[in-house]
Amino acid sequence: MGLLKVDEFKPGMVLAADLKSSQGRMLLPQGIHLTEQHIKTCKIWGVVEGDILGEGNQDAETPPSVLNPEDLEKARCTAKMKFCLTDVRHPMVREAVKLFILRKAQALALNSGDDSDALSLSDTSLSEQALLGREKVEDIAQQELELASHPDILRHILQASSDPLASAAYVAEVVGKDVALSAKLLKVVNTPFYGFPQKVDTISRAIVLLGQDKVAGLAMGISVINMFQGVQGKLLDMAGFWKHSVACGIMGMVLAAHCNEQDKEHFFVAGLLHDVGRLIMLKNRVQAVQSVLAESRRLNVALHDLENARWGFDHARLAELVLGKWQLPENLLLAVRYHHAPGICGYARDAVMIHVADFLTHSLSLGNSGSTLVPPLDRHAWESLGLSKNVLPVLARQVDAQVGHTMRIFFG
């Protein structure tokens with residue numbers, strides 16, 4: 001007997017062990033012969049894998065042979081470059097590489113001109129001397145605070161959410177004062193992920209269903225994102241940047257659901273904001289950002305490592321300072337600050353979740369944060385989640401289904 005992915009289940013196979021959902025709900029008993037309906041039920045409940053009698057553990061190194069061999073070879077070559085910073089011996093990384101190759105080959109089959117993952121060395125003529133000269137990160141953070149006034153709505157939401165005496169009605173009134181924010185927030189709450197049987201049409205109703213802390217957290221994330229939507233960069237594809245941010249937020253929330261976390265929404269906010277420090281730099285030191293982007297693509301090194309080498313800090317540290325001055329919650333600051341190095345903060349849960357979400361979002365090529373390479377996966381961070389490597393195709397389907405809809409909510 002052995003573990004098979006749910007996608008590999010076939011009618012007639014026999015379960016070698018009871019099959020349960022990620023929440024522990026009993027779905028199918030040991031010894032049952034699978035039917036099409038059983039397999040459909042497993043997929044509905046988000047089952048990742050099952051123990052099948054007489055089957056060995058499937059770990060094929062190549063995608064299905066029905067794909068064009070030329071497309072597969074192009075996808076493998078791209079994967080070799082994109083995952084050059086990762087330990088491909090790690091089971092989860094191997095699974096991510098296989099899925100990347102499959103998705104890339106499928107994209108090439110649909111569009112022979114697809115080059116969304118090409119590691120282009122163009123636009124590298126910017127001077128490497130256009131750097132910061134080791135300015136203090138605190139000075140740049142202070143300049144951002146002076147240029148971007150603290151939005152009143154964000155300040156009122158923070159005050160309301162931190163006041164133990166504030167009622168749900170008061171929080172709803174505060175959020176409701178910003179019509180655009182309220183509309184966007186309700187669209188987020190009505191996405192399929194929440195699965196409410198009826199449309200949520202008021203902030204008060206959203207608070208009843210989710211709780212005022214969760215609604216306030218979503219509102220804070222949306223408010224901060226609204227502040228940076230006009231930022232532009234020559235080497236940074238902004239549509240791709242926002243897609244990566246949104247996808248990372250959704251991945252964080254989906255991961256949290258698979259890990260039975262109670263408060264999934266704040267992982268969405270953390271993922272949404274994890275790279276906002278790069279936008280702060282783009283607003284204040286555009287040449288420095290353009291220079292490290294070009295250099296990282298030429299040298300094939302991790303972008304955040306190059307930021308540290310050239311600037312003395314990275315985008316995560318800058319974001320922590322600015323968001324901290326805005327008095328955003330501590331767990332959010334931890335997730336943003338340490339999403340590249342969760343071990344430094346002792347593998348705090350929020351940092352671990354966004355670290356893994358960021359790795360997976362890059363692996364699935366969902367947008368582009370500026371880096372052309374998949375960042376390394378911290379082995380201990382992944383293992384602390386207690387998930388199987390076979391969860392990746394399930395996560396990919398869940399996130400794929402929501403990214404486009406959520407992007408339209410945020411950006412029209």
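**Exercise 1. Find where Ser365 sits, and work out whether this residue is buried, partly exposed or exposed.**

*Step 1.* Ser365 is in the loop that joins helix 17 to helix 18 (379-385). Helices here are DSSP runs (H or I, at least four residues) numbered from the N terminus. You're looking at a predicted model, where local features need pLDDT of at least 70, side-chain atom pairs count only at pLDDT 80 or more, and totals for chains, interfaces and linings use all residues. Residues are numbered from 1 along each chain as its sequence is written, and side-chain values use heavy atoms, with hydrogens and water left out.

*Step 2.* Now the cut-offs: buried is under 20% relative accessible area, exposed is over 50%, and partly exposed is in between (1.4 Å probe, protein chains only). Ser365 has a relative accessible area of 22%, so it counts as partly exposed.

*Step 3.* Check the backbone too: phi of Ser365 is positive, about 55°, although Ser365 is not a glycine. Most residues other than glycine have a negative phi.

**Exercise 2. Work out which side of helix 8 its buried residues are on, and what they pack against.**

*Step 1.* Pick out Ile203, Ala206, Ile207 and Leu210, which are buried in helix 8 (residues 203-210).

*Step 2.* They cover an arc of only 100° around the axis (taken from the directions from the helix axis to the C-beta atoms), so they are on the same side of helix 8.

*Step 3.* The buried residues of helix 8 pack against helix 6 (168-176), helix 7 (179-189), helix 9 (212-227) and helix 11 (265-273), where contact means heavy atoms within 4.5 Å.

**Exercise 3. Describe how helix 10 and helix 17 cross.**

*Step 1.* The axes of helix 10 (residues 238-258) and helix 17 come within 8 Å and cross at roughly 125°. These axes are lines fitted to C-alpha atoms over the stretch in contact, with angles from 0 to 180 degrees between N-to-C directions.

*Step 2.* That makes helix 10 oblique to helix 17: under 35 degrees is roughly parallel, over 145 roughly antiparallel, 65 to 115 roughly perpendicular, and the rest oblique.

Note on methods
Helices (H or I, at least four residues) and strands (E, at least two) are DSSP runs, numbered from the N terminus.
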